[in-house]
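Hi,

Here is the structure I promised to pass on. Have a look at it first, and then read on for what turned up.

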Amino acid sequence: MKSKKLIGYIKIIGFVAYALFLGFSFWKGFEPGKKMAFNLRYFSLEMAKILPPAFLLIGLFEVWVKKETIEKHFGSKSGLRGHIGGILLAGTTVGGLYVAFPVAYSLYRKGADLGVIFTYIAASAICRVPMTIFEASFLGIKFSIIRLSVSIPLVIVSSILLGRYLTRRKYTIRAGE
Amino acid sequence: MYFLYLLLFIAMLVSFITDRNKTYKAIKIAFKKFMKILPAFASMLVLVSIILGLVPDTLILHYLGKSNMSQGVLMASFFGSITLMPGFIAYPLCGILLKKGVTYTVISAFTTTLMMVGFVTFPIEKRYFGIRVAIIRNVLSLLIAIIVAILTGIFFGEIF
């Protein structure tokens, strides 16, 4: 436990040093530092917009959706249907990986299969609908179709393998420990 | 984004009408979960800002615009893995790369790693899945991204 405390202290020192560096950059007009501050502000605002509604929806999901429902549609017996369901759910996920992780954790707690969880996470990175439309408008629809049709099978296969491997090793997801 | 708020509004309304206490409980759960993961999000924000400060768009443009295909794929995977960009910055950037003559293969490696491999989201992923699984998932994603890039290249007739 001693090392954990030490890491905690290092983190605090890191944060303080970072804040001092940003302050110093503004004082002396150091461009890269100023750019970092602008990035920090931009991404913080972005998080502030996305995270509260996302977590509230997760809260509603936790109290209203029954374990049996998730087990039936995304559980270990759901097979390929579960993976396709995971991809469809991912299509509506906003933000990206950082929203997918807490959602995935709630799904897992309600009895979703590990393989389906990994499919969901990967798909929420690459199959989000608004993002794909945006991509197609800049890089062409052909690019998006090729990218999706190549990556989705790869994602499903690798997720099934990873899920099986981890289930065999009796792995469990344990958040915030 | 509007969709998210609309969905939340409708869900909250229905939930509140159906069962007030359950709705309060949901809000409580949401708050608790949020507070628990907040430090990891703070770490992510700091990492993002530092990396985007050190690796500006112009640098990515410079490196991806000048290298050959295999070098380009490696470079693109590297930049894609360490950075995190919102779509409205990433895709216009890719559009510029395309006009500069960068191949679809390289762009595919960049966008796929950008989305799937998360160096900056690692603090969050680690909190939920543990270090080992987070590493396995990211390495797998990197491999998938490279395969996707190669196949994109084949389909666009850039490789072979």
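Predicted model: local features only at pLDDT ≥ 70, side-chain atom pairs only at ≥ 80, totals over all residues.

Is L45(A) buried, partly exposed or exposed? L45(A) is partly exposed, because its relative accessible area comes to 48%. You'll find L45(A) in helix 2 of chain A.

**Where the chains meet**

Chain B brings 69 residues to the contact, and chain A brings 62 residues. The area buried between chain B and chain A is about 6200 Å², and carbon and sulfur atoms give 81% of that. On the chain B side, Y91(B), Y128(B) and F129(B) lose the most area to chain A; together they account for 12% of what that side buries.

As for polar links, there are five residue pairs in polar contact between chain B and chain A, counting pairs with both residues at pLDDT 80 or more. Several helices of chain B supply at least two residues each to the side that touches chain A, among them helix 1 (2-18), helix 5 (87-99) and helix 7 (122-129). Helix 2 of chain B gives the most to that side, with 22 residues. Sorted by kind, the residues on the chain B side are 47 nonpolar, 13 polar and nine charged.

**Salt bridges**

How many salt bridges are there over all chains? A search of the whole structure turns up four. Between chain B and chain A the count is one. That one joins the side chains of E62(A) and K33(B), at 3.6 Å from N to O. The pair crosses between chains, with E62(A) in helix 2 (residues 31-64) of chain A and K33(B) in helix 2 of chain B. E62(A) counts as buried because its relative accessible area is 13%, under the 20% cut-off. K33(B) is buried too, with a relative accessible area of 17%.

Two others sit within a chain. In chain A, the side chains of R147(A) and E135(A) meet in a salt bridge at 2.7 Å, N to O. This pair links distant parts of the chain: R147(A) belongs to helix 8 of chain A and E135(A) to helix 7 of chain A, twelve residues apart. Both R147(A) and E135(A) are buried.

In chain B, the side chains of R137(B) and E125(B) form a salt bridge at 2.4 Å, N to O. Here the link runs from R137(B) in helix 8 of chain B to E125(B) in helix 7 of chain B, again a pair twelve residues apart. R137(B) is buried, and E125(B) is buried as well.

**Two helices worth a look**

Start with helix 4 (residues 79-91) of chain A. Its 13 residues should span 18 Å at 1.5 Å a residue, and the end C-alpha atoms are 19 Å apart, so the two values agree. Which of its residues are buried? They are G82(A), H83(A), G86(A), I87(A), A90(A) and G91(A). These buried residues pack against helix 3 (67-74), helix 6 (114-126), helix 7 (129-139) and helix 8 (141-168) of chain A.

Then go to helix 6 of chain B. Why can helix 6 of chain B be called largely enclosed by the rest of the structure? Because 13 of its 13 residues are buried.

**Two single residues**

S141(B) has its place in helix 8 of chain B. S141(B) is buried, since its relative accessible area is 3%. Leaving aside neighbours within four places in sequence, S141(B) is in contact with M116(B) and V117(B).

K170(A) lies in the segment after helix 8 of chain A. K170(A) is exposed, because its relative accessible area is 71%, over the 50% cut-off. What is the phi of K170(A)? It is positive, about 55°, although K170(A) is not a glycine. For context, most residues other than glycine have a negative phi.

Cheers

Technical notes:
Residues numbered from 1 in each chain as written. Chains lettered and ligands numbered in written order. Heavy atoms only, no water. Contact = heavy atoms within 4.5 Å. Buried area = accessible area lost by both parts, 1.4 Å probe. Polar contact = N/O pair within 3.5 Å; in protein donor to acceptor, adjacent residues only side chain to side chain. Helix = DSSP H or I, 4+ residues; strand = E, 2+ residues; numbered from the N terminus. Nonpolar A, V, L, I, M, F, W, Y, C, P; charged D, E, K, R; others polar. Buried < 20%, exposed > 50% of the residue type's maximum accessible area, 1.4 Å probe, protein only. Expected span 1.5 Å × (residues − 1).
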